[in-house]
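Please view the sequence and the model together.

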Amino acid sequence: EQFDNCQNRNPHDPHSVVLFTSCARATREFNSICKPCDYFTPFFVKMVRKLKFHEQKLLKKVDFFNWKETNNLNEVKVMRKYNVQKREDYTTYNKLSRNIRELAGKIAEIDARHPFRTEMNALLLEKLYVMGLIATKWDLENASKLSASSFCRRRLPVVLLRSKMAENISQATQLIEHGHVRVGAEVVKDPAFLVPRTLEDFVTWVDGSAIRKHVLEYNDMRDDFEL
């Protein structure tokens with residue numbers, strides 16, 4: 001407070017002149033007794049300890065200026081296109097597709113005339129074809145081109161949209177979450193459900209769904225007994 005008064009002093013006021021003189025004298029005495037470097041050095045010594053050997057080795061490998069960029073543009077586009085709500089699902093699809101591509105590459109490295117390659121090739125392609133991830137099961141090149149989008153195309157909302165049961169992917173997801181869709185005899189409320197090729201024809205509306213009633217009325221197929 002005294003220093004603030006010294007800065008706002010009036011040179012014609014005797015009291016302010018005396019106050020300024022005392023403040024200046026106190027400042028000179030403080031600087032002569034305790035220098036700034038002597039005053040602040042113990043504080044930093046207490047706050048920062050000496051780094052250990054393994055810590056110094058780790059710091060040599062860290063670049064604080066150049067950081068790796070996260071190129072997730074394709075991930076965002078795929079998740080938005082197929083309305084993938086959980087990023088964990090996309091990560092799982094990406095990991096599975098990478099494992100399948102690696103497996104296909106290892107099978108391709110085996111001699112083409114070896115019976116083991118023929119057997120493994122047939123098993124892998126048959127499994128992928130039944131799941132609906134590839135269009136044909138005659139070429140191993142289809143397995144090497146597998147991506148996360150291949151799994152996204154087998155999700156139940158995408159199958160609904162492809163079957164003309166919904167106008168857009170968001171509406172299809174909402175219908176599934178509300179319990180309007182069943183696959184076979186089971187009601188599915190998880191949009192991440194992957195529909196294999198054998199169950200595509202069994203995706204329909206729940207018996208008690210209002211949408212099913214509207215569809216039957218529109219097609220003039222509703223039974224009078226249900227009324």
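With which residue does K137 form a salt bridge? The partner is E126, and the closest N and O atoms of the two are 3.1 Å apart. The model is predicted: local features require pLDDT of at least 70, side-chain atom pairs count only at pLDDT 80 or more, and totals for chains, interfaces and linings use all residues. Residues are numbered from 1 along each chain as its sequence is written, and side-chain values use heavy atoms, with hydrogens and water left out.

**Salt bridges**
- Across the whole structure, eight salt bridges are found (a side-chain nitrogen of Lys or Arg within 4 Å of a carboxyl oxygen of Asp or Glu).
- R155 pairs with D89, with 4.0 Å between the closest N and O atoms.
- This pair links distant parts of the chain, 66 residues apart: D89 is in helix α6, and R155 is in the loop between α9 (148–152) and α10 (156–162); helices are DSSP runs of H or I with at least four residues, numbered from the N terminus.
- E55 and R49 form another salt bridge, their closest N and O atoms being 2.9 Å apart.
- R154, R162 and E200 are joined in a network of salt bridges.

**Accessibility**
- Both R155 and D89 are buried, a term for under 20% relative accessible area (1.4 Å probe, protein chains only), with exposed over 50% and partly exposed in between.
- K137 is partly exposed at 28% relative accessible area, and E126 is partly exposed at 34%.

**Residue S97**
- S97 belongs to helix α6 (residues 87–109) and is buried, with a relative accessible area of 0%.
- Beyond its neighbours within four places in sequence, S97 is in contact (heavy atoms within 4.5 Å) with L146, S147, A148 and F151.

Conventions. Helix = DSSP H or I, 4+ residues; strand = E, 2+ residues; numbered from the N terminus.
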